[in-house]
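Trainee: I have a model open and want to learn how to read it. Where should we begin?

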Amino acid sequence: MGSATIMIVEDNTTVARDIRECLEGLGYGVACVVASAEESVERAEKERPDAVLMDIRLRDEMDGIEAADQIHTRFGIPVVFLSAHRDHMLLERAKRVGSFGYLVKPFEEDELYATLEMALYKAKADVSMLAASRMEATATLAGGIAHDYNNLMSVVLGYAEHVRGELGKGHPNAGMLLEIEGAARKASDLAEGLLAFARGGAHKLGKMDLNQTVSEALRAAEKNLPRRIGITCDFAEDLWSIEADRSQLNLVLTGLLANAIEAIEGEGKIDITTRNVDVIDTVTDKGFVVKIGRYTVLNIKDTGCGMNEEILGKVFEPFFSTKFQGRGLGLASVYGIVKNHGGYIVMESKENEGASCTIYFPVLHVEADESVEPQGVKKAAGDETILVVDDEEILLKMTSVMLSRLGYKVLTANGGQTAQDLLRDHEGDVHLVLLDMNMGGMDGPTLYPHLKRERPEMKVLLFSGYEMDETVQRLLDTGANGFLKKPVSSKKLGAEIRRMLDA
Ligand SMILES: Nc1ncnc2c1ncn2[C@@H]1O[C@H](COP(=O)(O)OP(=O)(O)OP(=O)(O)O)[C@@H](O)[C@H]1O
Ligand SMILES: [Mg+2]
């Protein structure tokens, strides 16, 4: 049985009455019945029905097809046409305005039901797919910018740190260099947020109980929770485990909690719910397209200020914020993380009626090992030989300055082929290679097997402007010894290199 609300546009009162009775008999609500095309556009805007049944030939100047075009493009409402004829020209015009169905009068009740249900389904799926592809495009753009930006900041940070070290603590300009480093770090943080949006950065996947993670996040946030806000948790028993990155999941929870708290002025409530959900249809009741399967669902609902439709449509975009001090990266990061975990996220809200955010995490099928945290490190310096491979000359130079200062002998290659030639011709030992993952021409993952073949004993430290991803994980699984994300301080780089050489 249908449950949606339908608007009927029909100028023949007898036909209109029959259709209304038929719809009501099928369980649909009838938003209104109108007899003119122009009026139908106005009423669609006001009533916002779930679908429109539109007679094509009406008595006014505008016909049903023109009205449908406006109703669909302006308000996203699907329109099913009704026509007395199977007219080829009309059909062609109807197709061009993105019709969701075409019924020739008289039609059977079953036909009407099937056509309407198909139209409603397709409209929901279209909206969800469009939003997803828009976010996908933004993520690609954001990721690209953030990557280059991060590289440039590495250079600023690295040289500032280096020069400050050379000048010594008492130097009058050391303070200014500290300021430069501070600003570069802040800029890197921004890029970090963008990268989280673009890639999510799920890298240490482990089996996780969402109930436990939420409890821990709440305990950690307890100090910052204002008394005026009451929090209730409704956790499903026997909640299915998910495979997630603990720190990324914490970012999701803290980001959503922060937003909920910031949205509540005065007294209010935040409800956190977890549920096991078996998705058996590709469109969920929340109206977005998901893969059929099992999900662990988290919902965080607040009684805050809520959002109007315009804001709601932009919440996941990076740098969208309505707050004085907001950066607009909270939900963008949450979105990226959820996507990177193969999940889905939806925000629902109305102005002054609070907001509700629902996340679907796919359940864990294969038991995964918890990854081991890197161990603490000893002294950073050394005198071994290190090959740095990076196609960005400026970064290549800076890294080699950093390593030389720590006492290492440094060889550099600005690309995959140069690195191969150099290793073949170099007669002495090369103890470690610092390998950039994203190079033009031959990239890190392509070069890696050649390096291993040429010098199997050489340690490999992978280096990337992006978060750890599947490719990096694969290389680590097949023998690479470590991974560092740019930008990195000379202290951290030195420490990691020392740890690897001593291992
Ligand atoms: N629970 C909520 N209630 C009302 N509005 C919300 C809620 N969550 C998000 N928003 C709206 O979405 C916008 C974007 O949220 P997002 O978390 O991405 O950025 P921010 O909170 O403004 O800044 P940041 O998280 O970077 O400090 C917010 O500025 C706010 O307008
Ligand atoms: Mg926020």
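Mentor: Begin with the domains. This is a predicted model. The centres of domain 2 and domain 3, taken over C-alpha atoms, are 30 Å apart. The assignment for the chain lists domain 1 (5–107), domain 2 (137–199), domain 3 (205–362) and domain 4 (385–502).

Trainee: How many residues of domain 2 are in contact with domain 3?

Mentor: 9 residues of domain 2 are in contact with 10 residues of domain 3. On the domain 2 side, helix 5 (109–167) and helix 6 (174–199) each supply at least two residues. Helix 6 gives the most, with 6 residues. By class, that side of domain 2 divides into 6 nonpolar, 2 polar and 1 charged.

Trainee: Which residues of the largest nonpolar core touch the most other members?

Mentor: That core has 49 residues. Phe-197, Val-252, Leu-256, Val-334, Tyr-335, Val-338 and Ile-359 touch the most other members. Domain 2 and domain 3 both give residues to this core, so the core lies between them.

Trainee: What does Phe-197 touch?

Mentor: Leave out residues up to four places away in sequence. Phe-197 then touches Ala-139, Ala-142, Pro-318, Leu-329, Ala-332, Ser-333, Tyr-335 and Gly-336. There is also a second, separate core of 34 residues. Leu-23, Ala-51, Leu-53 and Ala-67 are among its members.

Trainee: Now helix 10. How many of its residues are buried?

Mentor: Recall the helix geometry. An α-helix has 3.6 residues a turn, so residues three or four places apart point the same way. Now the case here. Helix 10 (330–340) is mostly covered, with 11 of its 11 residues buried. The buried residues include Leu-331, Val-334, Tyr-335 and Val-338. Lys-339 and Asn-340 are buried too. Just after helix 10, Gly-342 takes a positive phi of about 75°.

Trainee: Next, the ligand. Which residues are closest to ligand 1?

Mentor: The shell around ligand 1 has 23 residues, and the closest are Ala-263, Ser-321, Gly-326, Gly-330 and Leu-331. The elements giving two or more residues to this shell are helix 8 (246–263) and helix 10. Helix 8 gives the most, with 4 residues. Sort the shell by class and you get 11 nonpolar, 9 polar and 3 charged residues.

Trainee: On to the backbone. Which peptide bonds should I inspect?

Mentor: The bond from Lys-105 to Pro-106 is cis, with omega near -10°. Pro-106 sits in the loop between strand 5 (102–104) and helix 5. The bond from Lys-486 to Pro-487 is also cis, with omega near -5°. Pro-487 is in the loop between strand 17 (482–485) and helix 15 (490–502).

Trainee: And phi? Where is Arg-48 found?

Mentor: Arg-48 is not a glycine, yet has a positive phi of about 45°. Arg-48 is found in the loop between helix 2 (37–47) and strand 3 (51–55). Asn-352 is not a glycine either, and has a positive phi of about 65°. The place of Asn-352 is the loop between strand 11 (344–349) and strand 12 (355–362).

Trainee: Is Asn-352 buried or exposed?

Mentor: Count the C-beta atoms around the residue. Asn-352 has 11 other C-beta atoms within 10 Å, so Asn-352 is exposed; the cut-off for exposed is 12 or fewer. Arg-48 has 13 such atoms, so Arg-48 is partly exposed.

Trainee: Let me try a strand residue. What does Val-277 touch?

Mentor: Val-277 is in strand 9 (residues 268–279). Beyond residues up to four places away in sequence, Val-277 touches Tyr-295 and Val-297. Val-277 and Val-297 are 20 residues apart in sequence and 6.6 Å apart in space, C-alpha to C-alpha. Val-277 has 19 other C-beta atoms within 10 Å, so Val-277 counts as partly exposed; buried takes 20 or more.

Trainee: Last point. Where is the pLDDT below 50?

Mentor: Start with the chain as a whole. Its mean pLDDT is 87, and 94% of its residues reach 70 or more. Over residues 366–378 the pLDDT is below 50. Beyond near neighbours in sequence, that stretch has 13 contacts in the model. Where pLDDT is low, the predicted coordinates should not be read in detail.

Note on methods
Residues are numbered from 1 along each chain as its sequence is written. Chains are lettered from A and ligands numbered from 1 in the order in which they are written. This is a predicted model: local features need pLDDT of at least 70, side-chain atom pairs count only at pLDDT 80 or more; totals for chains, interfaces and linings use all residues. A nonpolar core is a set of buried Ala, Val, Leu, Ile, Met, Phe, Trp, Tyr and Cys residues joined through C-beta atoms within 7 Å. Domain bounds come from an automatic or database domain assignment. Two residues are in contact if their C-beta atoms, placed from the backbone, lie within 7 Å. A residue is near a molecule or strand if its C-beta atom, placed from the backbone, lies within 6 Å of it. Ala, Val, Leu, Ile, Met, Phe, Trp, Tyr, Cys and Pro count as nonpolar, Asp, Glu, Lys and Arg as charged, and the others, Gly among them, as polar. pLDDT is the predictor's confidence in each residue, from 0 to 100.
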